[in-house]
Amino acid sequence: MSIPPFQIRARYTDTTVTVYQAYAPAIGVPAACEGRFPASWKRERMTWIKPSILWMMYRCGWGRKANQETVLAVEITREGFEWALRRSALSHYRPGLHSDRDAWKRELRTAPARVQWDPERDLRMNPLAYRSLQLGLSGEASRRYADEWTVSITDVTPLAHELRELVSRGELDTAAALLPRERPYPIADRAIAHLRPAQSRI
């Protein structure tokens, strides 16, 4: 079965969804130890969360890039995740979805969250034909994420390094077996219709 080009896929339970971020150890280590983001985590800045662990691996270079050495799996409430999705604006203007550029800019200025769709990645970091959701949180959404929605924070840096080593040895099946199971996220189409541009326009 083919995967739709703009589908949210994630690891989730009845009440939570797991997203990924990578930080310098000064932020990531205390966050994982305490199960919440420390006071030094800037709640006024935009922060991007990613439900796809492989896109996170691509972004942080398996936890090897500077200031992204600590990879975190952040379990947040599904209520919070969906609150942000419903109030998100697309990060780029899309003719046909937005009436004009000015309308899109107004939407972007007032939205507490924004969505970007980037090509999903395989274990060798090759781009795939379908997209992966990136959800940017700012203002109210960022504060809620850190102080209300976060249920647990786990340091998955050892997993990132193990995956990298397995891929480097060509042991892709073994690496794939270690990946968290990410399933299509159950949310009504109408709730995120404003975030799904036509495939030909992205």
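This is a predicted model: local features need pLDDT of at least 70, side-chain atom pairs count only at pLDDT 80 or more; totals for chains, interfaces and linings use all residues.
**Exercise 1.** Determine how tyrosine 185 pairs with other aromatic rings.

*Solution.* Step 1. Rings of Phe, Tyr and Trp (its six-membered ring) pair if their centres lie within 6.5 Å; planes under 30 degrees apart count as stacked, over 60 as edge-to-face and the rest as tilted. A search of the whole structure finds 9 aromatic pairs.

Step 1. In one of them, the ring centres of tyrosine 12 and tyrosine 185 are 5.4 Å apart and the planes stand at 80°, so this pair is edge-to-face. Tyrosine 12 belongs to strand E1 (residues 9–12) and tyrosine 185 to the segment after strand E9 (183–184), 173 residues apart. Helices (H or I, at least four residues) and strands (E, at least two) are DSSP runs, numbered from the N terminus.

Step 2. Tyrosine 12, at 15% relative accessibility, counts as buried.

Step 3. For phenylalanine 81 and tyrosine 185, the ring centres are 5.2 Å apart with planes at 80°, so this pair is also edge-to-face. Phenylalanine 81 lies in helix H3 (residues 78–86) and tyrosine 185 in the segment after E9, so the pair ties together parts that are 104 residues apart in sequence.

**Exercise 2.** Which strands pair with strand E4, and in which sense?

*Solution.* Step 1. Two strands pair if DSSP finds at least two bridges between them.

Step 1. Strand E2 (residues 16–23) pairs with E4 in the antiparallel sense over 8 bridges. Here valine 17 stands opposite isoleucine 76 in E4.

Step 2. Strand E8 (residues 150–155) pairs with E4 in the antiparallel sense over 5 bridges. Glutamate 75 stands opposite serine 152 in E8.

Step 3. Strand E4 (residues 70–77) is mostly covered, with 6 of its 8 residues buried.

**Exercise 3.** Describe the open sheet of 4 strands.

*Solution.* Step 1. The order is E3-E7-E6-E5, and the pairing is mixed.

Step 1. Strand E3 (47–49) and strand E5 (88–90) stand at the edges with a single partner strand each, so one side of each has no neighbour in the sheet.

Step 2. E5 and strand E6 (residues 113–121) pair in the parallel sense over 3 bridges. In this pairing, leucine 90 stands opposite valine 115 in E6.

**Exercise 4.** How many disulfides does a search of the whole structure find?

*Solution.* Step 1. A disulfide is a pair of cysteine sulfur atoms within 2.5 Å.

Step 1. The search finds 0 disulfides. The sulfur of cysteine 33 has its closest cysteine sulfur, in cysteine 60, at 18 Å, which is too far for a bond.

Step 2. The surroundings of the two residues can be stated as well. Cysteine 33 counts as exposed because its relative accessibility is 65%, whereas cysteine 60 is buried, with a relative accessible area of 0%.

How values were computed. Residues are numbered from 1 along each chain as its sequence is written. Side-chain values use heavy atoms; hydrogens and water are left out. Buried means under 20% relative accessible area, exposed over 50%, partly exposed in between (1.4 Å probe, protein chains only).
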